[in-house]
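Reader: I have a structure to look at and would like to learn how to read it. Please take me through it one feature at a time.

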Amino acid sequence: MTCALITTDWTTKGMKEGDWTMYKRVMGVLLVLILVGQPVWACRPLATNDCGTVEVDAIEMEIGVDWVDNGNERNSAVNVTLTTGLTKRLDFAVAIPYEINESGEQGLSSAELGMKFVLVRNFISFTFGYILGSPGYTINSILSKSIGLTTIHFNLGFTSTGDVKEAVITSLGGAIEYPVLKRLILVGEVTAEASSTIVWEMLIGAYLPVSESLMIDFGVGRGLSKENNSMLKGTLGLTYAF
């Protein structure tokens with residue numbers, strides 16, 4: 001699933017067209033991030049990634065509000081992700097969350113940068129993510145397949161903290177999309193993280209394309225393991241392309 005996009009035709013003078021276009025795309029993402037005040041790439045409300053990339057010369061902005069209640073504490077966050085297509089097979093994303101915990105403490109968290117590369121169009125992709133100021137990184141492999149009206153995504157990823165003494169975290173994700181009522185797309189996923197133990201979560205939700213450039217979404221989820229079976233979460237957001 002790749003969100004609907006509006007593309008812009010850039011022109012150039014005094015610089016090679018390819019270099020100037022690349023510069024404009026990257027700077028456009030950073031500029032919009034400044035103007036708006038602030039897992040990367042998965043179309044909302046899913047955390048599981050899809051194989052699609054944002055079109056060249058387009059910028060896609062995702063804004064989401066998330067709530068998590070783990071039984072002992074309630075936290076929320078506003079997440080803004082901006083993505084632009086660098087080539088037909090490569091896109092670049094910047095994500096920054098604004099977090100609020102139950103005690104009232106709030107503030108911006110570290111930005112995450114990432115890139116997605118399409119190996120086989122509409123089938124296999126890979127992502128690389130890096131949190132600014134951290135030695136850690138994330139690598140994720142993505143498999144997407146459409147069967148009739150149903151689209152299935154599978155993710156397998158690894159997160160390293162950069163410390164050789166700490167174990168690498170393995171992440172798994174499986175998601176399904178199915179359209180109903182012509183425009184409403186129902187989604188569901190099961191995700192897991194494994195280090196010393198495996199912790200499972202699930203989410204169900206939907207997204208609705210309002211126009212070619214705007215999409216709204218929502219989702220609710222809960223923990224499925226002994227370690228997080230009291231955890232409940234919700235998310236509400238929109239995606240805008242320009």
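Author: Start with the elements: helices (H or I, at least four residues) and strands (E, at least two) are DSSP runs, numbered from the N terminus. As an example, Phe126 lies in strand 6 (residues 124-131). The model is predicted, so to speak of local features requires pLDDT of at least 70, side-chain atom pairs count only at pLDDT 80 or more, and totals for chains, interfaces and linings use all residues. Residues are numbered from 1 along each chain as its sequence is written, and side-chain values use heavy atoms, with hydrogens and water left out.

Reader: Is Phe126 buried, partly exposed or exposed?

Author: Buried means under 20% relative accessible area, exposed over 50%, and partly exposed in between, with a 1.4 Å probe and protein chains only. Phe126 has a relative accessible area of 37%, so Phe126 is partly exposed. Of the 242 residues in the protein, 38% are buried.

Reader: Which residues form the nonpolar patch on the surface?

Author: Patches are made of residues with over 30% relative accessible area and no salt bridge; like charges are joined within 9 Å, and nonpolar side chains (Val, Leu, Ile, Met, Phe, Trp, Tyr) within 5 Å. Accessible areas come from the Shrake-Rupley method with a 1.4 Å probe, and for residues only the protein chains shown count as cover. Here the patch includes Phe117, Phe126, Leu143, Trp200 and Leu224, and its members together have about 1,000 Å² of accessible area. Strand 5 gives the largest share, three residues. Strand 5 and strand 11 (198-209) each supply at least two.

Reader: Which residues make up the largest nonpolar core?

Author: A nonpolar core is a set of buried Ala, Val, Leu, Ile, Met, Phe, Trp, Tyr and Cys residues joined through side-chain atoms within 4.5 Å. The largest one has six residues: Leu46, Ala175, Ile185, Val187, Tyr207 and Met215. Contact means heavy atoms within 4.5 Å. Leaving aside neighbours within four places in sequence, Ile185 has contacts that include Glu177, Gly205 and Tyr207.

Reader: How many salt bridges does the structure hold?

Author: A salt bridge is a side-chain nitrogen of Lys or Arg within 4 Å of a carboxyl oxygen of Asp or Glu. The structure holds four. One of them joins Arg44 and Asp217, at 2.9 Å from N to O. This pair links distant parts of the chain, 173 residues apart: Arg44 is in the loop between helix 1 (17-35) and strand 1 (59-69), and Asp217 is in strand 12 (residues 214-223).

Reader: Why do Arg44 and Asp217 count as buried?

Author: Arg44 is buried because its relative accessible area is 10%. Asp217 is buried because its value is 2%.

Reader: Where does a salt bridge have an exposed residue?

Author: Asp69 and Arg74 meet in a salt bridge, 3.0 Å from N to O. Arg74 counts as exposed at 57% relative accessibility, whereas Asp69 counts as partly exposed at 23%.

Reader: How many aromatic pairs are there?

Author: Rings of Phe, Tyr and Trp (its six-membered ring) pair if their centres lie within 6.5 Å; planes under 30 degrees apart count as stacked, over 60 as edge-to-face and the rest as tilted. The whole structure has two aromatic pairs. Phe128 and Tyr137 form a stacked pair, 6.1 Å centre to centre with 25 degrees between the planes.
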